[in-house]
Amino acid sequence: MASTPLIEVTALAAEKLEEILKDQGENGSLLRIMVVPGGNGGVQYMLGTEKEPKDDDVVIDADTVQVLVDSESAPLIEGSQIDYVEGMMRSGFVISNPNFQS
């Protein structure tokens, strides 16, 4: 199991993730990010929670939360950033991935 800055999680995103985990009774859980093929050569991101990392997971420490990325998703998400944006029309997490065009 490696620990590397594979993906950046902004301070605001980490804060919101921690709030969500607490609200859902998942305090202390780790956030799982998986990259799956999407339409037109793009990708989709699946998010979930887990209590412990698997042997082939990359563990990223992001302020107050830990993010898990499986070994198959790691090269696809390398250099990405997770941020949280708040706006009048919508609020939510945004993943900026330099490996794929949006």
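Predicted model: local features only at pLDDT ≥ 70, side-chain atom pairs only at ≥ 80, totals over all residues.

Colleague: Is Phe-93 buried, exposed or partly exposed?

Modeller: Its relative accessibility is 29%, so Phe-93 counts as partly exposed. Buried would need a value under 20%.

Colleague: And what does Phe-93 touch, leaving out residues up to four places away in sequence?

Modeller: Phe-93 has contacts with Ala-13, Lys-16, Leu-17, Ile-20, Ile-82, Asp-83 and Tyr-84. Take Ile-82 from that set: Ile-82 and Phe-93 are 11 residues apart in sequence, with their C-alpha atoms 6.7 Å apart.

Colleague: Switching topic, how many cavities of 30 Å³ or more are there?

Modeller: The count is 1. The volume of the largest cavity is about 40 Å³.

Colleague: Which residues line the largest cavity?

Modeller: Phe-93 and Ile-82 turn up again, along with Leu-17, Leu-31, Leu-47 and Ile-95. By class, that lining has 6 nonpolar residues, no polar ones and no charged ones.

Colleague: OK, now the largest nonpolar core. Which of its residues touch the most other members?

Modeller: Leu-6, Val-9, Ile-33, Ile-60, Val-67, Val-69 and Ile-77, out of 20 residues in that core. Elements giving two or more residues to the core are β2 (7-9), α1 (11-23), β3 (30-37), β5 (58-62), β6 (65-69), α2 (74-77) and β7 (80-86).

Colleague: Which element gives the most?

Modeller: That's α1, with 4 residues. As a general point, nonpolar side chains tend to be buried together in soluble globular proteins.

Colleague: You mentioned Leu-6. What does Leu-6 touch, again skipping residues up to four places away?

Modeller: Val-58, Ile-60, Val-69, Ala-74, Ile-77, Glu-78, Gly-79 and Ser-80.

Colleague: Let's look at β5, then. Why is β5 described as largely enclosed by the rest of the structure?

Modeller: Because 4 of the 5 residues of β5 are buried.

Colleague: How does β5 pair with β6?

Modeller: The two strands run antiparallel, with 5 bridges between them. Within that pairing, Ile-60 has Val-67 of β6 as its bridge partner. Both Ile-60 and Val-67 are among the core residues that touch the most other members.

Colleague: What about the turn? How many residues lie between the strands of that hairpin?

Modeller: There are 2 residues between β5 and β6, and in this hairpin Asp-63 takes a positive phi near 55°.

Colleague: Great, thanks. That's what I was after.

Definitions and conventions: Residues numbered from 1 in each chain as written. Heavy atoms only, no water. Core = buried A, V, L, I, M, F, W, Y, C linked by side-chain atoms within 4.5 Å. Buried < 20%, exposed > 50% of the residue type's maximum accessible area, 1.4 Å probe, protein only. Contact = heavy atoms within 4.5 Å. 1 Å grid on protein atoms, 1.4 Å probe; cavity = no way out; pocket = protein on both sides within 12 Å on 5 of 7 lines; lining within 4 Å. Points joined across faces, edges and corners; volume = space filled by probe spheres on them. Nonpolar A, V, L, I, M, F, W, Y, C, P; charged D, E, K, R; others polar. Pairing = 2+ DSSP bridges.
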